[in-house]
Amino acid sequence: MAETASTNADLKALAGQGAAVEGYWLRAETQSGGIGRLGRKWESPRANLYCSTVVDIRSGDPSPSSLSFVAGLAVYSVIRSCLPGTEMILKWPNDILVSQSKVCGILLERVKDQVVVGIGVNVAVTPEVEGRILTSLAAEGANIDAAGFLERLSVSFADFVRDWRDNGISHILSEWQKLAHPLGSTITTSDESGEKTTGEYAGLTADGALCLRKADGTLIEIRAGDISIG
């Protein structure tokens, strides 16, 4: 579609009516009300990718929240194919940094027995957002448009969802960690109230929470919030 308020909102409405099937993707050229994590506005200039898909929650599936790692791996794999020699890391829980700059956003929202996965990628345009260091695929040298990126992403995402179901969350988290900030990295977390905690990254729990070792040796688990590295 040319424009909508939010692809996630549209797909959530379809899911609520029982009209969204797994594997369906909804894409808009621009959004007037795109939302990122923690309710932040997602800037949506034309020529970037704004899309949403839906995953069924079946009996025996891993925790639905772990789909954030699935989505991160899927987007990472496509960006890597576009930028084979560029510095990239995954940042907990589902950010992707290219040349140390944020290039995409991922938002999961549950509707009954489905999870709507919203994905925004700065393909051609680098938005200006106060307090954020951003980049785009074009700025990093990639030659791909939003439609072409989604074509690759739909295949990659389906592959990782299959892997998630077949091999479980532990395998997904292991694959994620190979591409993420290394153990021992200095991490600062910030919760919704703005309170900050700094420590060393000590890996993930079995369900994907971030483990942070504080200066006094205390190990804490972070399940929500933003992090910065270094």
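Buried means under 20% relative accessible area, exposed over 50% and partly exposed in between, with a 1.4 Å probe and protein chains only. The model on display is predicted, so local features need pLDDT of at least 70 and side-chain atom pairs count only at pLDDT 80 or more, while totals for chains, interfaces and linings use all residues. Residues are numbered from 1 along each chain as its sequence is written, and side-chain values use heavy atoms, with hydrogens and water left out.

**Stop 1: S190 and its sheet**

Select S190, which lies in strand β10. Helices (H or I, at least four residues) and strands (E, at least two) are DSSP runs, numbered from the N terminus. With a relative accessibility of 18%, S190 counts as buried. Show its contacts, where contact means heavy atoms within 4.5 Å: leaving aside residues up to four places away in sequence, S190 touches E195, K196, G225 and D226.

Two strands pair if DSSP finds at least two bridges between them. The sheet is open and has five strands in the order β13-β12-β11-β10-β14, with antiparallel pairing. Strands β13 (219–222) and β14 (226–229) stand at the edges; each has a single partner strand, so one side of each is left without a neighbour in the sheet. Direction ignored, neighbouring strands of this sheet are turned by 45° against each other on average; the axes are lines fitted to C-alpha atoms, for helices over the stretch in contact, and angles run from 0 to 180 degrees between N-to-C directions.

Within the sheet, select residues 186–190 (β10) and 196–204 (β11), which pair in the antiparallel sense over five bridges. Which residue of β11 is the bridge partner of T188? The partner is T198. In a regular strand the side chains alternate between the two faces of the sheet.

**Stop 2: helix α3**

Select residues 146–178, helix α3. The helix has 33 residues, but its end C-alpha atoms are only 27 Å apart, short of the 48 Å that a straight helix would reach at 1.5 Å a residue. That expected span is 1.5 Å times one less than the number of residues. Where is α3 kinked? The kink, of about 120°, is centred on G168; the bend at a residue is the angle between axes fitted to the seven residues ending there and the seven starting there.

Still in α3, select I172. I172 is buried, with a relative accessible area of 0%. Its contacts, not counting residues up to four places away in sequence, are F69, V70, L73, F160, D163 and W164.

Move to D145, in the loop between β9 and α3. D145 is partly exposed at 48% relative accessibility. D145 and L49 are 96 residues apart in sequence, yet 8.3 Å apart in space, C-alpha to C-alpha.

**Stop 3**

Select residues 7–16, helix α1, where T7, N8, L11 and A15 are buried. These residues cover an arc of only 95° around the axis, which puts them on the same side of α1; the arc is that of the directions from the helix axis to the C-beta atoms. The strands against which the buried residues of α1 pack include β4 (49–56), β8 (104–111) and β9 (114–121).

Now display β8 and β9, which pair in the antiparallel sense over eight bridges. L107 stands opposite G118 in β9. The two strands form a hairpin with two residues between them, and K112 in the turn has a positive phi of about 55°.

**Stop 3**

Strand β5 and strand β6 (residues 95–98) pair over four bridges, and M88 has V98 as its bridge partner in β6.

Two loops complete the tour. P93 lies in the loop between β5 and β6, and the peptide bond from W92 to P93 is cis, with omega near 0°. S99 is found in the loop between β6 and β7; although not a glycine, S99 has a positive phi of about 50°. At a relative accessible area of 31%, S99 is partly exposed.
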